[in-house]
Amino acid sequence: MIPLSWYLIAAAALFCIGLFGVLSRKNAVSILMSVELMLNAVNINLLAFWHYHTQLQGAGQITPQVFVAMVFIVAAAEVAVGLALIISAYRRRETPVVDEMTLLKG
Amino acid sequence: MSGLQIVFLIVAVVTLFSGVMVVASRKMMHSALWLILTLLGVAILFATLQAGFFAIVQVLVYIGAISILIIFTLMLTRRVMDDEHPQVIKGWWLPAVMAVILFGLIAGFLATWEDFQVMLNELPADAENLAAFGSALVNPAGYVIPFEVASVLLLAALVGAIYIAVERKEKVG
Amino acid sequence: MSFWRDPIIFIIEWAKGLLAGIGWGPGWATIVGFVIGAFVLAAGAMFFVVFLIWYERKLIGRLQDRFGPNRLGPWGLFQPIADMLKIFTKELITPSGVDWIAYNLAPVLSVAAVLMMWAVTPFSKTFFGVNISVGILFLIAVGGLGEVGIILAGWGSNNKYALVGALRAVAQLCSYEVPFVISALVPVMLTGSMSLVDIVEAQNPWYILVAPAAALVFFIASVAETGRAPFDLAEAESEIVAGYNVEYSGLKFGMFFVGEFLHAFTASFIFVTVFLGGWRGPGADQIPVLGLVYFMIKTFIVYFALILFRGTNPRFRIDQMMDLNWKVLTPLSLVVIMVIALVDRLFASSADWLRTVILLAANLAILVVAERLIRRGVKTTRPEVGSRERPVASPDNLFIQPGSGAKG
């Protein structure tokens, strides 16, 4: 009883908030958190379309569910490796701020 | 306006507001806590879509594991209590404008689709067919290869995270 | 439906009839019924804790050759009530520099996370909050909310000891979730459903007889999830300051305390639900209230085992605890789930009793092999710890000179 458009608009807004965070935040952990927001927005979209197609075709659709599960898996792997990289970089450079990791600048 | 619509509006507003606070708050720890609220809101949105399994998995994976990991990292990278200086870059208005434009583009593009305003009706109770989903994941004609690749990815992430983050004794000194 | 066979459902139906009598539609009556039910269950749980505290203190007292509380009321039964009154009247001290929302949200979350587990557990054939199709996953997810509560407490109270305690507690809880989840998959696999109601209905015989190895892993992991002795490193009272709840006083500390006791009880009834057949017993199908009685008896037996576990085991060191998790429980649970899946598939067409016997034999074989392997890994001789010269508190060495070996 909720229009599909509401979900799509909410997901688009969440995605853009995440995009803003990725482009503007300084702290590497913050950037990862914004990426999580974007992935969540994608998941809202996928599940909204899962609902739409299920009601359109009358049977449960598997493919969107598989996509959502893959997004979960990729998010988990990405966070684990990303945070390990941040901790490792922090040990060497003493900073979590990406602007201060200027090893290649000479 | 039905009860479900009111629930949706409240949850969506809370989710988007806390999403804004994630990228806007100055204390890193606060933005992590706002992130937890956002993820919870997204889980409730999943529940309103009658995807109960994914709502629970969202809580389990995102709140129980990912946000905890993020908070751990925040605590280990030390600048937790004393970060009052701005957390965004100097020219932050440019990404803001870009995000707004992108939102306008997405919304405008979606609005041209004829099914945009279609109502999502209530599905039958067994629409989220978990048994079929599970067997499709291990079915050679279905999604067994993505499933196995994802498992290998998780294993590689596990090993890689330990390898990267482990403290080597001789280098620390 | 007669009152004596199922009093709880009888009362609920009666109340629904009453609401319908004053002109409320069935939708509103259901909503009101859920709200009242949730309130009654939560309040009942909170009062139940009073009895649990008495039970545990009495048992621990007996285990340690003491009397336990015995002054107030018969067998000291009113002692926890007096303690509660004391804790209610204590001043609520808020330390300076706390994060107000995090500091006050943490105790609430730690109790709420436990109480939410009561919502999906079937207490008898007809008496349960909701039957969601992913019940066992819900239990695990809600456990994750409790971890968030601990993190909030540690960080919000602006105290480095609280922060360290929270990090330790959450590291422990996150690690033990792995064998917990994997061993909880075994009943799911045997039932073919994640709903707790279905899992209880399918237990014929009980799953502890089908998969004792999984039950053992599940039990140890759920004790570790409750954070009690011997896994109470996070708030080892005799070694470090109290851990993440060090800055709390009065009722807010009481909430953590209640949450811990309730979590131990909840862990034991989840074990009963998943492995000991829940409400199942002779006659429980016809007379649902008997199921509730069986459920409580089984839960108290498991809770007694939990207290025995607590009273007789010394506290682990943190590296021993992590070794137990990552080197014993996790591989063991992985082997168990693979073997059970294989055996269950190979003997899918044979008779039920034969499959059960073979599964039991396979599990016992796994346990024996695991015991042998663990025994081989145990070091019987310990390396000398005090090889370096250490200061001795003797009269000729009262003041340790800097650099005289005090580093060790």
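## Where chains A and B pair

S1(A) and strand S1 of chain B, residues 119–120, pair in the antiparallel sense over two bridges. Within this pairing, A:Pro3 stands opposite B:Met119 in S1(B). Please keep in mind while looking around that this is a predicted model.

Of the two pairs of chains in contact, chains A and B share the most contacts. Chain A brings 60 residues to the contact and chain B brings 76. On the side of chain A that touches chain B, strand S1 (2–3), helix H1 (4–24), helix H2 (28–57) and helix H3 (63–93) each supply at least two residues. H3(A) gives the most to this side, with 19 residues. Sorted by class, the side of chain A that touches chain B holds 44 nonpolar, 13 polar and three charged residues.

## Chain A

Let us look at chain A by itself. Three helices and one strand make up its list of elements, and from the N terminus on they run β-α-α-α.

Of the 106 residues of chain A, 57% count as buried. Among the contacts in chain A with a separation of 6 or more, 48% are between residues 24 or more positions apart.

## Chain B

Chain B has seven helices and one strand. Reading from the N terminus, its elements run α-α-α-α-β-α-α-α, and the strand in that series is S1(B), the partner of S1(A). The C-alpha atoms of chain B fill a box of roughly 65 × 45 × 30 Å, again taken along the principal axes. Its radius of gyration is 21 Å, while a compact globule of 173 residues would have one near 16 Å.

In chain B, 34% of the 173 residues count as buried. If you take the contacts in chain B between residues at least 6 apart in sequence, 53% of them join residues at least 24 apart.

## Where chain B meets chain C

What does chain B bring to its contact with chain C? Here 14 residues of chain B are in contact with 18 residues of chain C. Helix H2 (28–48) and helix H3 (52–76) of chain B each supply at least two residues of the side that touches chain C. The largest share of that side, ten residues, comes from H3(B). By class, the side of chain B that touches chain C has twelve nonpolar, two polar and no charged residues.

Chain A and chain C, in contrast, do not touch, and their nearest C-alpha atoms are 14 Å apart.

## Two domains in chain C

The domain assignment divides chain C into domain 1 (1–89) and domain 2 (93–374). The C-alpha centres of these two domains of chain C lie 22 Å apart. Their contact takes 20 residues from domain 1 and 18 residues from domain 2.

Which helices of chain C form the side of domain 1 that touches domain 2? Helix H1 (7–21), helix H2 (26–63) and helix H3 (79–89) of chain C each supply at least two of its residues. H2(C) provides the largest share, twelve residues. By class, this side of domain 1 has 15 nonpolar, two polar and three charged residues.

## The largest nonpolar core

The largest nonpolar core has 181 residues. H3(B) gives the most to this core, with 17 residues; H3(B) is also the helix behind the largest share of the side of chain B that touches chain C.

Which residues have the most contacts inside the core? They are C:Ala166 and C:Phe218. Leaving out residues up to four places away in sequence, C:Phe218 touches C:Phe180, C:Ser183, C:Ala184, C:Phe271, C:Val274 and C:Phe275. As general background, nonpolar side chains tend to be buried together in soluble globular proteins.

How values were computed: Residues numbered from 1 in each chain as written. Chains lettered and ligands numbered in written order. Predicted model: local features only at pLDDT ≥ 70, side-chain atom pairs only at ≥ 80, totals over all residues. Contact = placed C-beta atoms within 7 Å. Helix = DSSP H or I, 4+ residues; strand = E, 2+ residues; numbered from the N terminus. Nonpolar A, V, L, I, M, F, W, Y, C, P; charged D, E, K, R; others polar. Rg over C-alpha atoms; globule rule 2.2 N^0.38 Å. Buried ≥ 20, exposed ≤ 12 C-beta atoms within 10 Å, placed from the backbone. Domains from an automatic or database assignment. Pairing = 2+ DSSP bridges. Core = buried A, V, L, I, M, F, W, Y, C linked by C-beta atoms within 7 Å.
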